[in-house]
Amino acid sequence: MLRSLLTAGRAVTRRVPWIASLAQRYGSTCLGVAAKLAGRVRVGGGVFTTRAPFIALAAAGEMLKGTYEINERRALDAVLDPGLPVIDCGASLGIVACLVNSRLTHPERHVAVEANPDLLPVLERHRAMNGAHFQMLHAAVAYGAAQVEFNVSGNSLAGSLAGHGGRRVHVPAVTLRQVADQYGFEQFGLLCDIEGAEMDILRHDEAVLVERARW
């Protein structure tokens, strides 16, 4: 029913320019209300909950449209080698993690690293809902300390080491090399979305990227 309404809405917006403009600006947020009411939606062949309080309306709307992290998913279509292990830094809700895991030859050789403690239950739930087999590691990718402060945001997409205005929590720190060594990944694919902290990997773990990260 929701998919049918969405298809009809797209047909209308294509024909009416001012509605198209409004839809571009507010469409995802409005659809997010419907997504929250539905409770769960399908994205890229997987099924995911929308009712976690930290899933913003706009993100829920993107999930309903099937466009959640669409650019990342298109990039993966171009580079993913299903035969390689995967290190997924900043797994968040686990939507991309579940979709990637379903394509791996050895799905158990996939580790999802997530710093935000509030996201771990929904990450685990999505893993179960989709029959995924990735391993979960609660840590922040960071260098120079065993623990770091992490800013927990009410929005699942906004938590970060450098953020402000949220709840500050201490989380274990781990380097990319440590993750690869811990799980025995001599070669791996790297999926990384950690709100700017990617620069620390480039500064401190360049050798691992060059020698062991195949994509």
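## How the strands pair

Two strands count as paired if DSSP finds at least two bridges between them. Strands here are DSSP runs of E with at least two residues, while helices are runs of H or I with at least four residues, both numbered from the N terminus. With that in hand, let's look at the sheet in this predicted model.

Strand S6 (residues 140-141) runs parallel to strand S8 (residues 167-174), and the two share 2 bridges. Ala140 has Ala173 in S8 as its bridge partner. Strand S7 (residues 147-152) pairs with S8 in the antiparallel sense over 6 bridges.

Together, 3 strands make an open sheet with mixed pairing, in the order S6-S8-S7. S6 and S7 are the edge strands, each pairing on one side only. As background, strands of a sheet pair through backbone hydrogen bonds, either parallel or antiparallel.

## The chain as a whole

Residues are numbered from 1 along each chain as its sequence is written, and side-chain values use heavy atoms, leaving out hydrogens and water. Because the model is predicted, local features need pLDDT of at least 70 and side-chain atom pairs count only at pLDDT 80 or more, while totals for chains, interfaces and linings use all residues.

The protein chain has 9 helices and 9 strands. Of its 215 residues, 45% are buried (under 20% relative accessible area; exposed is over 50%, and partly exposed is in between, with a 1.4 Å probe and protein chains only). Its accessible surface is about 10,800 Å², with 55% belonging to carbon and sulfur atoms; areas come from the Shrake-Rupley method with a 1.4 Å probe, and for residues only the protein chains shown count as cover.

## An aromatic pair

Searching the whole structure turns up 1 aromatic pair. The rings of Tyr183 and Phe185 have centres 6.0 Å apart and planes at 35°, so this pair is tilted. Rings of Phe, Tyr and Trp (its six-membered ring) pair if their centres lie within 6.5 Å; planes under 30 degrees apart are stacked, over 60 edge-to-face, and the rest tilted.

Tyr183 is buried because its relative accessible area is 17%. Phe185 also counts as buried, at 1% relative accessibility.
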